[in-house]
Amino acid sequence: MRTNLERPTLSVGQKGIFGIVYGVIYGLSMLPFGLWYGLSGGIAWVLRVLVKYRKDVILQNFSRSFPEKSPDEIQLLARQFYQHFADFLVETVKSISISE
């Protein structure tokens, strides 16, 4: 029986897939920040318009948190949230290859 402190055992196939995915992400992380921030606008658009990532939850939370804001101001806050979230995602990927 495995305790919580033991690492799970990965199969050879799982290790191979992890290695490939990590290699691709590491290679992408080597791209310059300027390119990443250019891409983050596109990522934010995809999350907001195509995927509609948690759209209802985001709008509902902003509406409840800021009842004095108009619907247009809530939409602006949601757009800013998606941009910040996309920036956070690209910074997380970029952090893989940043040295100390």
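Read along the sequence, the protein chain runs α-α-α-α, that is, four helices and zero strands. Helices (H or I, at least four residues) and strands (E, at least two) are taken here as DSSP runs, numbered from the N terminus. The radius of gyration of the protein chain is 19 Å, well over the 13 Å that the globule rule gives for 100 residues, so the chain is more spread out than a compact globule. That radius is taken over C-alpha atoms, and the globule rule is 2.2 Å times the number of residues to the power 0.38. The model is a predicted one, in which local features need pLDDT of at least 70 and side-chain atom pairs count only at pLDDT 80 or more, while totals for chains, interfaces and linings use all residues. Residues are numbered from 1 along each chain as its sequence is written, and side-chain values use heavy atoms, with hydrogens and water left out.

Along its principal axes, the C-alpha trace spans about 55 × 40 × 30 Å. Of the 100 residues, 16% count as buried, where buried means under 20% relative accessible area, exposed over 50% and partly exposed in between (1.4 Å probe, protein chains only). The protein chain exposes about 7900 Å², with carbon and sulfur atoms supplying 63% of this area. Among contacts (heavy atoms within 4.5 Å) between residues at least 6 apart in sequence, 72% join residues at least 24 apart.

Leaving aside neighbours within four places in sequence, Phe33 is in contact with Glu91, Lys94 and Ile98. Phe33 and Glu91 are 58 residues apart in sequence, yet their C-alpha atoms are 8.4 Å apart in space.

The loop between helix 2 and helix 3 (55-65) holds Lys52, and Arg54 has its place in that loop too. Most residues other than glycine have a negative phi. Lys52 counts as partly exposed at 46% relative accessibility, as does Arg54 at 48%.

The aromatic side chains come next. Rings of Phe, Tyr and Trp (its six-membered ring) pair if their centres lie within 6.5 Å; planes under 30 degrees apart count as stacked, over 60 as edge-to-face and the rest as tilted. By this rule the count comes to seven aromatic pairs. One of them joins Tyr22 and Tyr26, which are stacked at 6.3 Å centre to centre with 25 degrees between the planes. These two tyrosines are four residues apart in helix 1, which means that about one helical turn separates them. Tyr22 is partly exposed, with a relative accessible area of 40%, and Tyr26 is partly exposed at 36%. Elsewhere, ring pairs link Tyr53, Phe81, Tyr82 and Phe85 into a cluster.

How values were computed:
Accessible areas come from the Shrake-Rupley method with a 1.4 Å probe; for residues, only the protein chains shown count as cover.
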